Amino acid sequence: MTVTVVKKIAAGLLLAALLLTVACSPNWAANPADALSAKPDRSIYLAARVNNLGVLLKDVLTPQYIEMLASYADSEDAQAFRLIANLVANTPVEAVAFIAGTGLNSKGTPKGFLQAAMAFPKDNARTAEKLKIIESGKARPEDVVTLLLGDGALLLAAAFPLEPAKGDFGPYYTIRNGVSIAARDGLLLAALSSKDLGASVAALKDKETRLAFKRRFSGASYALMHIDPSTIAALSKSAGKSAPNELRDALTNLRDNIGIIKEPLEVETNFKLNSDSFLVASAANVGAALGMDQEDHAVPKSVKGAGAFLTGGGKALALIAGVTAMSAEDFSIANPQFDPETWGKLKAEAVRIGITDKDLASLFTGSMTFFLGGRATIMGQPAPGMYVAVTGKNGAAGKILSLLLADEKTGGALPLKSLSIPKGLASPKGSANPKGSDSSKGLANPKSSWVALYGLDPALVSVPFLVGAADGGDTLFLGILDTDALGAAPAMPPKAAELLDKKTHIVSFVDTAGAWEYLREQMKDSGSLLRTAMALVDDDSTTVPLVNYVLDASLRVNFVRSWVTVLADGTYMKFVDFSLTDVPPSKSLLPRLLEVGNRISETLGE
């Protein structure tokens with residue numbers, strides 16, 4: 001093994017060993033998160049504590065994946081990668097906590113910080129002995145390297161500089177570029193500077209000096225993010241003209257995008273991995289960060305299924321629905337990309353047509369739905385449909401649609417023609433929403449009354465594009481569906497039906513297994529829309545086998561669903577649930593994607 005390879009391995013392991021863990025059980029001496037010290041409000045940082053990642057890392061760092069990824073590197077890099085991956089996969093570290101970010105000092109100058117703490121099994125005599133040696137200040141490079149990565153990493157010790165030092169907080173070591181490490185209370189500590197390291201040691205002894213963060217969950221694995229707008233502005237200013245264009249532009253964009261934030265934004269994310277699911281739960285103090293007054297900006301009530309408007313028959317593949325309560329002013333605040341001049345032009349155009357602020361407020365007080373699924377016949381072939389539906393009140397959708405279509409400028413933009421409303425769906429004359437749903441009570445009725453329905457001339461395009469007003473004029477509908485499917489409810493996967501039974505503010509789901517199966521069916525039919533499109537773009541005989549090879553793989557994630565509830569104080573509570581299934585290595589998707597990508601690259605290179 002050459003010196004170059006050893007250096008590459010050592011550099012890679014220095015970061016990997018500090019931040020990656022393979023967990024067995026919560027059987028360590030101290031909580032690594034207790035070594036993270038308090039940070040000022042005028043800062044931005046990401047803090048995390050990772051526990052029980054053994055199953056996930058073992059899924060990734062299998063011999064099969066290691067060899068597959070190594071095959072894409074040259075011989076020297078591949079040799080380094082194999083060693084790094086195998087050592088990390090077998091590290092004895094059980095849990096890790098870290099915090100990284102930038103704060104402003106008393107003069108308003110940004111200064112970066114980094115702290116990390118790693119926990120080891122307390123009943124392991126070997127690791128306990130090494131931690132004692134490191135804590136005493138008498139450790140050698142091989143003690144630290146083999147503690148982190150096992151005895152197999154002994155050959156890397158020569159490339160791991162370790163300089164003993166002593167501070168007010170006791171013995172410690174410096175590695176390179178100021179990075180300092182020490183051992184205390186059964187933990188291995190690391191920091192960007194000796195000052196940060198001393199703060200970690202102090203935090204272990206005094207809980208008053210530890211990182212303070214208002215948590216809403218009790219999970220053992222989590223991430224905490226703190227974003228102070230004044231710090232972002234200071235970073236953007238300090239970058240100056242000497243900073244690389246990419247960095248300066250990124251900071252400027254970040255500063256502009258968080259311009260509406262008045263107070264620090266704090267986001268907590270928790271992770272829970274089970275044998276058949278992976279749940280991610282998040283909380284963010286959006287109301288406080290925006291400086292929203294609870295009296296002036298009351299949070300709308302959560303409703304069943306977030307008020308989703310469901311129609312179209314067939315199968316449901318994906319959905320996003322959310323409760324809305326937005327005035328024209330709220331829209332302009334929530335969309336800072338619309339400058340005052342642009343927003344003024346949009347309002348002037350609406351006034352010209354006859355649409356008032358009251359109409360817009362009525363339209364956006366209810367719910368909004370994006371749906372993929374249902375029945376649509378495109379170019380004579382069956383296909384999933386899709387639509388967007390905005391459900392409001394006071395017949396605003398019907399009024400706005402009629403004004404838009406009656407206007408010569410907007411109505412003439414699309415060649416729409418009036419369609420007959422299917423039997424049983426038309427609204428009785430003079431009736432306002434006779435059997436439609438009240439969006440404040442839950443899901444819309446697929447058979448709710450339609451007051452208007454328009455579509456593209458089939459002589460021009462063989463796509464059932466529809467525009468209409470349903471729910472007695474309360475719902476504005478825009479999408480692609482067969483008209484005879486408008487009165488049918490779509491079939492929902494069990495997990496989606498369960499989700500839509502919750503009272504929430506936002507819901508969404510993607511039936512990944514259902515979509516995967518649909519693609520498989522499309523590939524089996526040589527006359528399907530997908531196969532027809534592929535034949536137009538490329539040689540069908542070459543592409544089809546490759547696509548079928550990929551689609552023959554099995555998905556690890558077969559369903560994804562999420563829901564959001566907003567508390568009275570404006571705190572956003574979001575949950576994302578991934579349904580998992582065991583997949584044998586021979587059916588894994590990623591290796592097949594990489595293999596097909598490699599084949600295509602070889603073909604293009606010939």
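**Salt bridges up close**

Modeller: Let's start with Arg-556 and Asp-582, whose side chains meet in a salt bridge at 3.6 Å, N to O. By salt bridge I mean a side-chain nitrogen of Lys or Arg within 4 Å of a carboxyl oxygen of Asp or Glu. The pair links distant parts of the chain, 26 residues apart: Arg-556 is in the loop between helix H19 (540–551) and E21, and Asp-582 is in the loop between strand E22 (572–580) and helix H20 (589–605). Helices (H or I, at least four residues) and strands (E, at least two) are DSSP runs, numbered from the N terminus.

Keep in mind that this is a predicted model, where local features need pLDDT of at least 70 and side-chain atom pairs count only at pLDDT 80 or more, while totals for chains, interfaces and linings use all residues. Residues are numbered from 1 along each chain as its sequence is written, and side-chain values use heavy atoms, with hydrogens and water left out.

Now for the cover. Buried means under 20% relative accessible area, exposed over 50%, and partly exposed in between (1.4 Å probe, protein chains only). Arg-556 has 30% relative accessibility, so it counts as partly exposed, whereas Asp-582 counts as exposed because its value is 71%.

Next up is Arg-561, which forms a salt bridge with Glu-498 at 3.3 Å, N to O. This pair also links distant parts of the chain, with Arg-561 in strand E21 (residues 557–566) and Glu-498 in helix H16 (residues 494–500), 63 residues apart. Arg-561 is at 8% relative accessibility, so it counts as buried; Glu-498 is at 46% and therefore partly exposed.

Then there's Asp-407 with Arg-352, where the closest N and O atoms of the salt bridge are 3.0 Å apart. Here the distant parts are the loop between helix H14 (396–406) and helix H15 (408–411), which holds Asp-407, and helix H12 (residues 340–353), which holds Arg-352; the two residues are 55 residues apart. Arg-352, at 43%, counts as partly exposed.

As for the overall tally, the structure holds 20 salt bridges.
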